[in-house]
Amino acid sequence: MASSETALAAGQRARGLAPFLRSQMRNIAPFLTLIFLSGFFALASPSFATLDNLGNILTQVSVTGIIAVGLTFVILCAEIDLSIASIANVTGIAVAYFTLQESYVNIPNIPLPGAAAILLAILLCAFLGLVNALGLTMIGIPSFIMTLAMMQIAAGISALLVRGQIAYKVPGVITTLGSGSIGGIPWIVIVAAIMLLLGHLVLTYTRFGRYVYMVGGNREAAEYSGLNVKLILGAVMVISAVCSGIGGMLGVAHFGSAQQNEFDTYLLDSIAAVVVGGTSLFGGRGGIGNTIVGLFVLGVLNNGLDHVNIDSFLKILIRGLILLAALVINVYAQRLREKAVE
Amino acid sequence: MREDRSPILELQGITKSFGGVEALRGVDFALSPGEIHGLVGENGAGKSTLMKIIAGVHTEFSGRFLIDGQETHFRSARDAHSAGIAMVHQELSVAPDLTVAENVFLGNQPTNRLGLVQWRRMAREAGEQLARFGIDVDPMSRLGDLPIGLQQLIEIARVLFSGARIVILDEPTSALSPPEVERLFATLRRLRDEGTAIVFISHFIEDILRVSDTVTVFRNGRKVAETASAATSKGALIEAMIGRGGEALEHSYSDDLMLPRPSDSAVVLKVDQLSLARSLKDISFEARAGEVLGIYGFMGCGQQELSRILFGKLKSDGGTLAVDGKPKTFASTAAARRAGVALVPESRRDMLFHQEPVYKNISISILDRISALLLKPAQERDIAQRQVEQLQIRPPVVGLDLGMLSGGNQQKVALAKWLTYPPKLLVLCEPTRGMDVGAKNDVINIVRDLRTKGLAIIVLSTEPETVLSLADRILVLKRGALVREFKNEPVSKDRLLEAA
């Protein structure tokens, strides 16, 4: 038995490098993109490739990174969550709403102790995620539509809480994690790193993580294998909402204010990070490792474009084009892989 | 007369490998116009691979490929299609949400000068074509609403009437009832007489001998025999296929077979007055430990729905289920699994993960028994390795992606998923469909072994042979109702067909 296994392994190696590279396309392409972009900006601007600037990039991608952890779970299941930015926003606003504000802030809020404010904010985002989950699994609304509705609902709650005003204060621990640093490293980078690591560990080493990949790989087969597919889909929607909520709370502390529409750009950024990194939109392939590469591609791109002094309106177009290229690669990689396995 | 026609298609020294495993080794193959060419061989012998090369599905291979004497290399199935080659694949490939007429004309709907689809003309012509084939359906009905057998016939009809010069049929009869098979054969003969070249792949050797002019036998990626159908016999072909005296492996089941006295062991499943819309009417029966209950019926008789209800995939409209005497309503397949019910559906695609390795496919249903929170990959591989050895899955490599395995071996993996922690009730749909004699026999032995271990097993099939080879007691399902029970009495293929 052992000998036949070795023979087969040798056979697989004998297939050569090219087919191997082709099957790994979804992992290699984003990485090459990252190297190319970094090299380009390093040559184009002397201020890009510095340790200071690396710190900047890390800080800039942290909030996106925290939100993208949960979104990776959702996309691995071949679903989508369009409410992430809104939920981040409403959670950030909620934690401020339950914190005592300066007297000049004209919001009829409910000041509570810090721990209670944080707990209520987390409960709020978990609840909104649960509503997403129930709509998707029990009623059968496609996630695209369900979370589109939730995007509006969460924005509506945000609007009602702040009523066009801006709140500034959040509980001390949130302020520290969002805008403080330790030994020169911003806490928000550490939190993002821990959450990404946690996400990776869950996806790679736990039973739940395996289920996520299997449900994404072939939902019908998962059901015929006796998995509770609805429970798994529901769980990833809640995970996504909670990650968004944490990102929202820290984001508010990071920006120094809580207000309406503060997180709008994070929807596209988070989706882009996950997909540019190579996680399959069809589910079942990819992971946190891909998301991290995707985050850096976006981070380097955003940051680098500032360094080369480019028309800020052109920046938006370039980001769009990069995203399109990533989508093309994503779909193409899926096809190559299917062909290889057939 | 046929011999002196020059071949329309000629393949020389075709070799093709997947991931280091050679699927075809130096195969020569020729096809003449006005010929029905039968192909037989065990699963994984290379028949389907060769046909996929001809149909432009596999484009990387070595060897010469000639059409009308000219060397050709297809880059896609589209190239093959424009060269006049059409194929009906083993797995149904229709658009269930489109109408029958749209399916018949898929890709070349009749349009007017503005490019708009001429619906009335399309419906009329589709109706005419299907009528020539003996199919009487409303061309404007949704295809997915029809029974699977009918869908398959419509797909075959589409390909047959597409005007192709070379038609390849991969296991076309497995989902068809006997009268439908007759109609198919009559059409094939007519097309042959009109000059079409037809390749016919089937595990039903009688069918091959009846309809084809020439038979080619494959074994382990090589062509081992090619003879005129009139000059060979079933026994000779089976021997060539499996390379050993194969007579004993295959019964004809035309003679009476005595069913044993019904078992009086514990009732594992009790079904009472089960009904579902138009599919099932007041079904009541019991399944006992250590017994194989066969449920036979033609395609569309309600078997599929019944199996799905037992596994919690479908909800019934009325009636009750009890497992071990406890009433159950399964909210999900997970609930059914926890109650000790397991299902292997008829379509492997539905229960396997083709892009995942074999061991993950085997362990998925029992992960909660192996690990609470963290995965234990080493243990998963061990368990999978044991199953792979026990069921003789080839190649015996648990790390290989499932999609690299042949159909019969995939079917064994589908079974293996449930065997590490055996369920109380195992429901098998078409457990041997599309399998060669050797693999079929393996599966039969596995099922018998499980019966001795005290499982209650339900085998649902549209093939009388499958039910007869496995069951201790047989129920006949006809248009959603149980019409006959065979127990402790002689039964044969004829008697079953008569009851259905």
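Colleague: At roughly what angle do the axes of helix 5 and helix 12 of chain A cross?

Modeller: Some ground rules before that. This is a predicted model, where local features need pLDDT of at least 70 and side-chain atom pairs count only at pLDDT 80 or more, while totals for chains, interfaces and linings use all residues. Residues are numbered from 1 along each chain as its sequence is written, chains are lettered from A and ligands numbered from 1 in the order in which they are written, and side-chain values use heavy atoms, with hydrogens and water left out.

Modeller: Helices (H or I, at least four residues) are DSSP runs, numbered from the N terminus. Axes are lines fitted to C-alpha atoms over the stretch in contact, and angles run from 0 to 180 degrees between N-to-C directions. Here helix 5 (residues 84-97) and helix 12 (residues 229-255) of chain A cross at roughly 50 degrees, and their axes come within 7 Å. That makes helix 5 of chain A oblique to helix 12 of chain A; angles under 35 degrees count as roughly parallel, over 145 as roughly antiparallel, 65 to 115 as roughly perpendicular and the rest as oblique.

Colleague: Which residues of helix 5 and helix 12 of chain A make the contact?

Modeller: Contact means heavy atoms within 4.5 Å. Helix 5 of chain A brings residues including A:Ile84, A:Ala88 and A:Gly92, and helix 12 of chain A brings A:Ser240, A:Ser244 and A:Gly248, among them. The residues of this contact between helix 5 and helix 12 of chain A split into eight nonpolar, six polar and no charged. For the classes, Ala, Val, Leu, Ile, Met, Phe, Trp, Tyr, Cys and Pro count as nonpolar, Asp, Glu, Lys and Arg as charged, and the others, Gly among them, as polar.

Colleague: At what angle does helix 6 of chain A pack with helix 12 of chain A?

Modeller: Helix 6 (residues 114-139) of chain A meets helix 12 of chain A at about 145 degrees, with the axes 8 Å apart. By class, the contact of helix 6 with helix 12 of chain A has 15 nonpolar, five polar and one charged.

Colleague: How are helix 9 and helix 14 of chain A arranged, roughly parallel or roughly antiparallel?

Modeller: Helix 9 (residues 187-205) and helix 14 (residues 288-307) of chain A pack at about 150 degrees, axes 9 Å apart. That makes helix 9 of chain A roughly antiparallel to helix 14 of chain A. On the helix 9 side of chain A you'll find A:Leu196, A:Gly199, A:His200 and A:Leu203, facing A:Ile288, A:Ile292 and A:Leu295 of helix 14 of chain A.

Colleague: What about B:Lys360, which residues does it touch?

Modeller: Leaving out residues up to four places away in sequence, B:Lys360 touches A:Arg210 and A:Met214. B:Lys360 sits in helix 11 (residues 358-363) of chain B.

Colleague: Now the backbone. Which residues does a cis peptide bond join?

Modeller: Most residues other than glycine have a negative phi, and most peptide bonds are trans. In this model a cis bond joins B:Arg394 and B:Pro395, with omega about -10 degrees. B:Pro395 lies in the loop between helix 13 (377-390) and helix 14 (407-419) of chain B. A:Arg163, not a glycine, has a positive phi of about 50 degrees, and it lies in the loop between helix 7 (143-162) and helix 8 (172-179) of chain A.

Notes:
Helices (H or I, at least four residues) and strands (E, at least two) are DSSP runs, numbered from the N terminus.
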